[in-house]
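I opened my notebook on this one to look up surface patches, salt bridges and helix packing. Here are my entries, in the order I made them.

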Amino acid sequence: MAEPAAIAALAIEAAVGWPARVYRLIGHPVGLFARVIDAGERAWNSGSDRRRRVAGIVLVLLLLTATILIGAAIERLLDMLIGRRAWIVVVLLAVPGLAQRSLHDHVAPVRNALAAGDLPAARALVGKIVGRDVESLDEAGAARAAIESLAESFCDGVVAPAFWLLVAGLPGLWAYKALNTADSLIGHREPRWRAFGWAAARADDVANLIPARLAGALVCLAGAGRWRIMLGDARKHASPNAGWPEAAMAGALGLRLRGPIAYDGTMQDKPWIGDGRTDASATDVGRALVVYRRACLGLWLIAGVVAWAR
C-alpha cells in the first residue's frame with residue numbers, strides 16, 4: 001500500500017502543500033503531537049536527572065506506540081472497507097506529513113527579500129525557520145542561514161518522512177513525525193531539557209541515520225556537487241545527521257556554511273562546512289532552491305522505482 005502512496009503523496013504535496021485555509025480551519029496534525037509532548041513535559045519534567053530521563057523515555061515510547069497502533073488500525077480498517085483502493089486514502093493521510101512545498105515557500109521569500117535589498121525583511125523571514133539570533137545577520141549571514149535550513153529540513157521534512165512511508169507505511173511516516181516533533185521541542189542540551197529530552201534526541205538520530213545520508217546523496221546528484229565535501233565535512237556538524245545534506249549543499253554551491261553562530265546572545269564558534277565562499281547572496285539562495293527542487297524530483301524517482309519493483 002505504501003509504494004504507490006509515497007509517489008502520489010509527494011506529487012500532491014508538492015502541488016498544493018498544506019493550504020493556509022485548511023490550516024486556519026483545522027490546524028496541522030503535528031500540532032496534536034506538540035500538545036501531547038508539551039503536556040507530558042509540564043507534568044513529568046521534574047525531579048532528579050535520572051527521574052527526568054526515565055520520564056522522557058516513557059513519553060517517547062507512549063507517543064510512538066500510540067501513533068503506530070493508530071496508524072496500523074487505520075490502514076487495516078481501510079483495507080477491510082475498500083480493499084485495493086485503500087492506498088488512495090492513505091495518500092491523503094500521508095500528504096500532511098511531507099513538507100516539500102512548505103519548505104520551498106518559506107525559503108523563497110528570503111531570496112526575494114535579499115534580492116530587493118530589504119535586509120530587515122530577510123532577517124525576519126529567516127527568523128521563522130532557524131533558531132539562531134537573526135538581528136545582527138548581514139546579507140551573507142541571512143543567505144547562509146536560509147540555505148542551511150533548506151538543506152537540513154530537506155532531510156527532516158521531506159526525505160525522512162517519505163523513507164519511513166516507504167518502509168513502514170502510514171504508521172512509519174507518522175511515528176517519524178511524532179519523534180521528530182519531540183526532538184524539536186524537548187531534544188535540547190539546555191539544563192531544562194537535557195535529561196528529559198535525551199530519549200527524543202537519540203531516537204531521532206537513529207530514525208534519521210539512513211534518510212540523512214540519502215538526502216545528502218540526492219543533493220550531490222542534483223547539484224553535480226563535490227562528493228568529497230560531503231564525505232569529508234559532514235562530521236563537522238554537531239548533529240550526526242544534519243551535516244550530510246548541509247555539506248552536500250555547500251559542495252554543490254561552492255560555499256562555506258555554518259561557522260560562528262549566535263544563540264541567545266552568545267556567539268558559538270562552530271566549524272565551517274565546505275571550502276568555498278562565505279559571501280552568500282540572494283543568487284545563492286536561488287541556486288539552492290534549484291538544487292532542492294531537483295533533489296525532490298530524485299526522491300520521486302526513487303519512490304517510483306520502489307513502487308514499480310514491488
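Entry, surface. I found W44, V54, V58 and L62 making a nonpolar surface patch of about 320 Å². Patch residues have over 30% relative accessible area and no salt bridge, with nonpolar side chains (Val, Leu, Ile, Met, Phe, Trp, Tyr) joined within 5 Å and like charges within 9 Å; areas are Shrake-Rupley with a 1.4 Å probe, only the protein chains shown counting as cover for residues. Helix α4 (residues 49–82) gives the largest share, three residues, and V54 lies in that helix, α4.

Entry, ground rules. I am reading a predicted model, where local features need pLDDT of at least 70, side-chain atom pairs need 80 or more, and totals for chains, interfaces and linings use all residues. Numbering runs from 1 along each chain as its sequence is written, and side-chain values use heavy atoms, without hydrogens or water. Helices are DSSP runs (H or I, at least four residues), numbered from the N terminus.

Entry, charges. I counted eleven salt bridges, taking a Lys or Arg side-chain nitrogen within 4 Å of an Asp or Glu carboxyl oxygen. One of them joins D205 and R202 at 3.0 Å, N to O. These two sit three residues apart in helix α9 (residues 198–207), so about one helical turn separates D205 from R202.

Entry, packing. I saw the axes of α6 (residues 100–115) and α8 (residues 139–186) come within 10 Å and cross at roughly 175°; axes are lines fitted to C-alpha atoms over the stretch in contact, with angles from 0 to 180 degrees between N-to-C directions. Helices α6 and α8 are therefore roughly antiparallel (over 145 degrees). The contact (heavy atoms within 4.5 Å) includes L103 and V107 of α6 and A146 and F154 of α8.

Conventions:
Angles under 35 degrees count as roughly parallel, over 145 as roughly antiparallel, 65 to 115 as roughly perpendicular and the rest as oblique.
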